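Visitor: I am new to this structure and would like to learn how to read its features. Please start with the charged pairs.

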Amino acid sequence: MKKLRLSKRFSITNLAFKASISKGHLSNIENHGTSPSVHVLNKLAFALEIPVESIISYSDNQLDPEWANLMIQAQNIGISKEEVKSFLAYESWKIFLKKDG
């Protein structure tokens, strides 16, 4: 997350504000202290003006260790990266609809 934030030239304060999350929460995500929910991933992707898939499609060595482990577990039971991406996109869409409705 930090690499994405820096690539967009956001300070941690600016991105947290734009994503409507606390600076402390964003810091915890960046430092692997917590994994973001689908809702928070959607907010961060929107704030960074990138698709959610861009956040989760980093290679395993760049991905939060907990997310990397979840991706490996999904792969081990036969769930493809594309299916995970579709699920996250669907969940983001549902959150978006709730937010507007």
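Guide: A salt bridge is a side-chain nitrogen of Lys or Arg within 4 Å of a carboxyl oxygen of Asp or Glu. This is a predicted model, in which local features need pLDDT of at least 70 and side-chain atom pairs count only at pLDDT 80 or more, while totals for chains, interfaces and linings use all residues. Residues are numbered from 1 along each chain as its sequence is written, and side-chain values use heavy atoms, leaving out hydrogens and water.

Visitor: How many salt bridges does the structure hold?

Guide: There are 3. In one of them, the side chains of Glu-49 and Lys-18 meet at 3.5 Å, N to O. Glu-49 lies in the loop between α4 and α5 and Lys-18 in helix α2, so the pair ties together parts that are 31 residues apart in sequence. Helices here are DSSP runs (H or I, at least four residues), numbered from the N terminus.

Visitor: Is Glu-49 buried or exposed?

Guide: Buried means under 20% relative accessible area, exposed over 50%, and partly exposed in between (1.4 Å probe, protein chains only). Glu-49 is exposed at 61%, whereas Lys-18 is partly exposed at 38%.

Visitor: Which helices hold Arg-5 and Glu-30?

Guide: The side chains of Arg-5 and Glu-30 form a salt bridge at 2.6 Å, N to O. Arg-5 lies in helix α1 (residues 2-7) and Glu-30 in helix α3, so this pair links parts 25 residues apart in sequence. Arg-5 is buried, with a relative accessible area of 7%, and Glu-30 is buried at 11%.

Visitor: What about Glu-91?

Guide: Glu-91 forms a salt bridge with Lys-94, the closest N and O atoms being 3.1 Å apart. Both lie in helix α7, 3 residues apart, and are separated by about one helical turn.

Notes
Helix = DSSP H or I, 4+ residues; strand = E, 2+ residues; numbered from the N terminus.
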